[in-house]
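Here are my notes for when you have the model open.

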Amino acid sequence: MTKELSVEELCRTAEGWWKERKDWDYYFAKPFDFGDDCPKKLISFSQILEGLQLEPAMTVLDYGAGSCWASRLLTQLGFRAIALDVSETALKIGKELFSRLPVVGTRPKPTFLLFDGHHINLEDASVDRIICFDTFHHVPNQEEVLGEMSRVLKKGGIAGFVEPGPNHSKTSRSQFEMRHFRVLENDINLRDIWFAANRAGFARISAD
């Protein structure tokens, strides 16, 4: 698929996928959407929060925010969340999520930012942390995106990822998604990712 479709075309297929989602309530419920998935999501989210070494008032970029459930939780925790996604519809769902389920207390307002697949529309060294939850395997131009992440992170910043493993593309669900929706479901090989991340300017990698 990466040979057949450009980054722009894959961005359009992602938007098409989100446009076909009719039951927005399902996405409003995340991470409590399914009993089977909920424990895994909560454990993974807890692990990534711990790994990010977050401090009060930090700015956190939610890369591939989708319906923005992680951005909402980050906002509730008191961080300034920037929800970034290639899908305008996904960001609309996210805005509606914040409207229907407002965070408790005085918290920084989130920012919703449309991504063109190449350039993150933020200044250099403008975010403290990046969270990428189950999204990087959809990215065709991973080294370019890692370079952008490195650019927008402040010195000493951390990018945290939750991703499937090296055989993700072979699962029946992945094959279905690629065949019917033309959404990229890539394998994640940590060794290859690290080489690309190192070239992009990241200094260390840790896997849990």
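**Notes on the model**

1. D134 sits in the loop that links strand 4 to helix 6; helices (H or I, at least four residues) and strands (E, at least two) are DSSP runs, numbered from the N terminus. Its phi is near 60°, which is positive although the residue is not glycine. With 40% relative accessibility, D134 counts as partly exposed; on this scale buried means under 20% relative accessible area, exposed over 50%, and partly exposed in between, using a 1.4 Å probe and protein chains only.

2. Before going on, some ground rules. This is a predicted model, where local features need pLDDT of at least 70 and side-chain atom pairs count only at pLDDT 80 or more, while totals for chains, interfaces and linings use all residues. Numbering runs from 1 along each chain as its sequence is written, and side-chain values use heavy atoms, with hydrogens and water left out.

3. A57 is another non-glycine residue with positive phi, here near 70°. Look for A57 in the loop between helix 3 and strand 1. Its relative accessibility is 65%, so A57 counts as exposed.

4. Have a look at the K30 to P31 peptide bond too: it is cis, with omega near 10°. P31 belongs to the loop between helix 2 (24-28) and helix 3 (38-52).

5. How buried is strand 4? Seven of its seven residues are buried, so strand 4 is largely enclosed by the rest of the structure.

6. Strand 4 (residues 127-133) pairs with strand 5 (residues 153-162) in the parallel sense, over six bridges; pairing requires that DSSP finds at least two bridges between the strands. Within that pairing, I130 is opposite A159 of strand 5, and C132 has F161 as its bridge partner.

7. Strand 4 also runs parallel to strand 1 (residues 59-63), joined to it by three bridges. Here V60 stands opposite R129 of strand 4.

8. Helix 6 (residues 142-152) makes a right-handed β-α-β unit together with strand 4 and strand 5. Right-handed means that, with the strands pointing away from the viewer, the path from the first strand over the helix to the second runs clockwise.

9. Zooming out, the protein chain has eight helices and five strands, in the order α-α-α-β-α-β-α-β-β-α-β-α-α along the sequence. Its radius of gyration is 16 Å, close to the 17 Å that the globule rule gives for 208 residues, so the chain is as compact as a globular protein of that length. That radius is taken over C-alpha atoms, and the rule is 2.2 Å times the number of residues to the power 0.38. The C-alpha trace spans about 45 × 40 × 30 Å along its principal axes.

10. Of the 208 residues, 46% are buried. Among contacts (heavy atoms within 4.5 Å) with a separation of 6 or more, 72% come from residues 24 or more positions apart. The accessible surface is about 11,300 Å², with 52% of it belonging to carbon and sulfur atoms; the areas come from the Shrake-Rupley method with a 1.4 Å probe, and for residues only the protein chains shown count as cover.
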